[in-house]
Structures are given as C-alpha cells and as structure tokens.
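Visitor: Please take me through one chain of this model in detail. I would like to see how its parts are put together.

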Amino acid sequence: MPATNSPNFFKQSLLLENLACTRGGVALFANLTRSIAPGQLLHIAGKNGSGKSSLLRILCGLLSPSSGQVKWSGQSIRADAEQFNAQLIYLGHIPALKGDLTAAENIYSAALCRQETPSMHAVETALATAGLPSLAHKMVRTLSQGQKQRIALAQLHLKPSKQFWLLDEPFNALDADANYALQKCLQSHLALGGIIALSSHQEILLNTNNALVRVEL
Amino acid sequence: MTGALHLFTAMGALVQRDLSLVLRRKNDSLATLFFFAVVASLFPLGVGPEPKLLQLIAPGMLWIAALLAAMLSLNRLFADDFQDGTLDLLLLSTIPLPLAVLAKMIAHWLSSGLLLSFAAVVLALQFNLTGESVLILFLSLILGTPLFSLIGGIGAALTLGTRGGGVLLSLLILPLLIPVLIFGAGAVEAHQAGQSVAGHFYLLGALFVLSLFFAPLATAVSLRIAVE
Amino acid sequence: MPLSNINWFKYAAPQTFYDLAGKLIPWFAVGALLLGIAGLSVGLLIAPSDAQQGDAYRIIFVHVPAAWMSMLLYLLVAFWAAIGLIFNARLASMLALALAPTGALMTFIALFTGALWGKPTWGAWWVWDARLTSELILLFLYIGFLSLHAAIDDPRRADRSAAVLALIGVINVPIIYFSVKWWNTLHQGATISMTKAPTMASQMLLGMLLMAGSFWLYAIATSLYRCRTLVLEREEHAAWIMKEAQ
C-alpha cells in the first residue's frame, strides 16, 4: 500500500483536460480526459504513429495541444513553467545523451539544467544502481543502444527524486534483467506517490489495484 | 548529495559545458578560422595585389570574411543538441530559457567570434594596415562579433532541422547584420580617413545592448516553435 | 450595432473568408484596372514635362507608388503574421503569406524602375544611394520570409517561424535604413539621390496617388486570390471543401 502518511509522499496530481492533438493535418486524438492521482501510472498504448510520443510531449509542455490543457496540482502547466519543470523528469524516445561526453558527464549535465549539482559519488551510485558501474567514465558514443538507454534511465535514481516521470518507450533495447529492474524501480516510485506517464508496447503489471490508468490511442 | 545552483552559477556551468564540448571537437572551431583565412586571401586574388587598394578594402573585406565565417559556425549552436535530443533538456530546464540560450550564445562567441577577432589581427598584417587601424579593427570586431552570435542565434533557432541549412540561415540573418557591418567596418575606415570613430562605436554598443536583451528572448520563442 | 454584438471572429473562419473573398476579388481587380488607367493617363499624358529631366521622369509614376506599396505591404505582412502568431489564427498567417509575394514584386518593380530611371538621368543602371539600397535590403527581407516558409514542412510551424522573422525584420527596418543613410553620407561626396523627385506639380502628385491606389487594389485582389488558394490547400480535409468539390 502506498505510504500516504509518510512525510516523503508526493502530493501533486495530474489532470488531462480535453486534450486534442493534430500533427501534419491528421487528428491523432481528441477529447482526452484523464485524472491521475499520486501513486498512479498512466500507460499510453497504441500503434506506431498513433501519437504516444506527442501525448508525452504535451504532458511535459514541449508540445502544445490543439485544444485542451494539462493541469498539475490544479494549475495549468503553462502558468509557471519553471516550477513545473522542477518537478518532472522526461526521458524521450532517443536517449538524450551527448556522444562526446562520458556517461557521468552526461548525467551531471542533465542535472545542471535542473540547477542541481550531484556529487560524483551520487552519479556513480546512480549508474551502479542502474547496473552500469563500469561505464561512468566511458564516452557515450562508444556504447550500445541498450547501454545508452540504461544511462538515461539511471537519472531516475538521482536524489532528490522528481514526482512526475515521463518515459517514452523506456523498455526499448533492455534485456530481461534490466527490464525487470526497471519495473521494480517504477513500482517503488509509485509507492512514494510518484506519478508516471509512460508509453510502451508491453503490458505493465502493477501489484497495487487501481494504480494503472490506461489510454489507448 | 546534490546542491541547488544559483541561476548565474548554472549559466556559467552551461557555458563551461559547451566550451568543453567544443574543445573535444576542436576541428569545428579551427575550420571556422581557416575558412576566415581562406576567404580573406581570396580578395587580393580577386582584385589584385595593389597595396593601396588592399589597404582601402581591408576593413570591409575582413569584416565580411568574419561575417561569413560566423554564419557557417552558427549551425552548431542548436543543431547538434536538436539531433541528439539534449535540446529537450534545455527546454525543460528550470533555468529560464532565454538565459539558458544566452549561456549558449556566450559559449558560441567565445569559440568563434572571439577567435575570429584575434585572427583578424594576424590577417590584417597582409593588408598593410597601420597599427592603430588594426587596433580599431580588433575592437570593432570584439564588439561586433557577439552580435553575430546573438542575432545569428535567432536564425539558428528558426532554421532548426530545415532543409537548406547554412545557406538559408545566412540568407535570413545577413540582411539583419548589415547595420553591424556598416558601423564596424565604418569605424576602421573612418580612422583611416582621419575622422572620429566614437560615433561608430557608440552605435555598435547600442546595437549590442539591444540585441543582448532581445535576441535571447526571440531565440527562446523561436526554439519553442521549432521543436513543436 | 454595439461593438460587443459584432462577431469579430466570424471572418476569421476560413470558409466564411473564402466565400467573401471570392465575391470581392472581381471588384478590386476592376478597381485596380480603372485607377491604373486613370493614373497612367495623368502621368503619361496630362502631367507636364519636367524642366530638368524632360519626359524621362515619368517613370516616377510607377517607381514611387511601387516603393510605397513595398513598404506598406511589409508592415502588413508583419502585422498579420503577428496576429497569427499571438492568437493562433490560421487565416491571419495565411493572409501574411499571401501578401508577401506581392510585396516582393512591388519591391522588384521599384528597383527595376529605379534602374530604368537612372540610366537616362544619371548614366548608370544602379546607384548605391540610401533609398535604393534600403529597397534592395527590403527585397532580401521578403525573400528571406518566403524562403523560410518554404523550407519548413509543417504549415503551422512554418507560419509561426516566419512570423517571428517578419517581426524581427520590421523592427530592424528603421535600424537598417538609418545605418544605410549613415553609410551613404559617409562615403559619397556629391549626394546623388536617385529618388529626388522633381518639384511636384499638382498633376504629378495626383498621378502618383492614382497609381498608388491602383497598386493598392491590385495588391488586395492578388492577395485575396492567393489566400483563397492557400485555404483550399490547407483545409483540404475539411467537410465544406469536399462539398464544394462535388
């Protein structure tokens, strides 16, 4: 059961209000309304090209919906973008990593954009938790797709944790072990009241009832 | 443990990061400098080696060569970040986007405009400019090249991911930089003619201050539009 | 009727615009033709010869109105593009895109007639005076706007990016003009001004105003026409177009 009385429990909720999205003249989805409470996971399912990535980008504010709005803790995400940005972490379809930086430098650099300075120890711990302890000082361009994916995911282990996780096809290129580790990671985040929006072809199994909100595009 | 960063410290760290990326790919910066040198050498080859003539056209010609070299270097301001997805990180940053953009423009200037200004001093030797003229040239470029990064940055953001790349960017931005060229090259020419250069520098300074304020804002708006 | 009752956005709907524009275009076209004939008659036949330039000055009746229009149309392009950007109004952006080619044409006509004027009067096809040079830069600004729009595939992104460019251009135009004047006075001993108009007889002014009116109506007619085409292209999938086609 989520530890709702714990002082560390996240409290904000997410509201999708009448979202519609049109890309290249094609209406991808319309009238999309969902409410997501702390501890819930929004699973965005659908065929390729159905607008899953677009929806995720709308949820974090990178894309404007053709109509409707996204509300975080009752306020439109456009109202105070920097405040909203401070509470989320977005991992796009392609791991946002610079090939000319090492794995550790990349994580450090991404944290910099959130005005955080994790210590080298914290970064190395995050990478170790993600199962990649030896890659901290390797140039990212020398690594495989799966390794890059896991480096991007390693950011989720950095403290302080953000409440809102937006993950675009996070299970891509992961082997069975990494896949399982990610599922456990998602579970524990939800237990803390986190909100996760993710797109994936595979089904997500959660051990809490009512924790899954599904959108089929 | 993580610590929170003050805004300007974060901006400084962004500048540092961009510069370390440039240092790992020195070729890009060096290529810009060599392009500058090549173009500067084309002029005498095109108009003849007459020293008096070269002395006359040198300020304008060096300014134009610097302008063209800067146009070509503007690509790397946002295009690489756009390609590998790290531009999203900037857009989702808690640092206000115009400030993050300004940090990138500063890093860009340090690795292009500033170097071009020093290179111009060396190249000016080929054109028989007096020591004082070279100094005026250097100062005009130091004040003018940031404008290449500032206003050019708007163009870089507008043309993100489009076909036509560098040529389109130059087509859009060069007309807007004409005043900078006029005042910058004009300062050196005024000095050569024995007139006062103060007016030119005041005007350049005014353009610089205006752009410092407006260009990052315009670029931020353009980035959001381009990424959607 | 009170302002609040007027539905200002009624004509912002592409379909309403399409119908209205369709009805208006012929009127503007005819008006342009009539004013053009009147203007040319005044300019070519009625206005007296100039004391210094003889009959060569008559090109002014095309050159000056074209120059006026080129500047006015750029302001309009920026205006409508801004409306389209701020209010997310598709039709406003389409109107800006429709006006731009005509504006560029006017700029080109101004430059071309400027050259034609220069040859018999000053002996040169081109003179780098402040106004002609600024006109040339204006042409570059128009071309930049159209090129940027053409280079971006997504229509809405193209509209909005080009709008930012147009706004920056409009703000820069006074700066560019000032800097070109500065440059011109610094470099030229004798100020040769291509566009120094001969002292105006009232018929000359009348002729220019009539031609300006003609160009204005022509610009409206062509822009409305072009805008209708854009509406058809962009609203391809809309139901009302399907019905039209049947």
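Guide: The centres of domain 1 of chain A and domain 2 of chain A lie 23 Å apart, taken over C-alpha atoms. Domain 1 covers 1-87 + 162-217 of chain A, and domain 2 covers 99-160. These bounds come from an automatic or database domain assignment. The model is predicted: local features need pLDDT of at least 70, side-chain atom pairs count only at pLDDT 80 or more, and totals for chains, interfaces and linings use all residues. Residues are numbered from 1 along each chain as its sequence is written, while chains are lettered from A and ligands numbered from 1 in the order in which they are written.

Domain 1 of chain A puts in 11 residues and domain 2 of chain A puts in 8 residues. Two residues are in contact if their C-beta atoms, placed from the backbone, lie within 7 Å. Helix α6 (residues 176-191) of chain A supplies the largest share of the domain 1 side, 4 residues. That side divides into 9 nonpolar, 1 polar and 1 charged. Here Ala, Val, Leu, Ile, Met, Phe, Trp, Tyr, Cys and Pro count as nonpolar, Asp, Glu, Lys and Arg as charged, and the others, Gly among them, as polar.

Next, the elements. Chain A has 6 helices and 10 strands. Helices (H or I, at least four residues) and strands (E, at least two) are DSSP runs, numbered from the N terminus.

In chain A, 5 strands form an open sheet with parallel pairing, in the order β6-β8-β9-β3-β10. The edges are β6 (88-91) and β10 (212-216) of chain A; each has a single partner strand, so one side of each is left without a neighbour in the sheet. Two strands pair if DSSP finds at least two bridges between them. Inside this order, β3 (residues 41-45) and β9 (residues 195-199) of chain A run parallel and are joined by 4 bridges. L42(A) has A197(A) as its bridge partner in β9(A).

Antiparallel pairing also occurs. Strand β1 (residues 14-23) of chain A runs antiparallel to strand β2 (residues 26-36) of chain A, with 7 bridges. L16(A) finds its bridge partner in β2(A) at R34(A). The hairpin of β1(A) and β2(A) has 2 residues between the strands, and G24(A) takes a positive phi near 55 degrees there. β1(A) also pairs with strand β4 (residues 67-72) of chain A, antiparallel over 5 bridges. Q69(A), in β4(A), is the bridge partner of E17(A).

As for the whole chain, a compact globule of 217 residues would have a radius of gyration near 17 Å, and chain A agrees because its value is 17 Å. That radius is taken over C-alpha atoms; the globule rule is 2.2 Å times the number of residues to the power 0.38. The C-alpha atoms of chain A fill a box of roughly 45 × 45 × 35 Å along the principal axes. Of the contacts in chain A with a separation of 6 or more, 71% join residues 24 or more positions apart.

Finally, the neighbouring chain. Chain A brings 29 residues into contact with 26 residues of chain B. On the chain A side, α2 (81-85), α3 (103-112) and β7 (116-117) each supply at least two residues. α3(A) gives the most, with 4 residues. By class, this side of chain A has 15 nonpolar, 8 polar and 6 charged residues.
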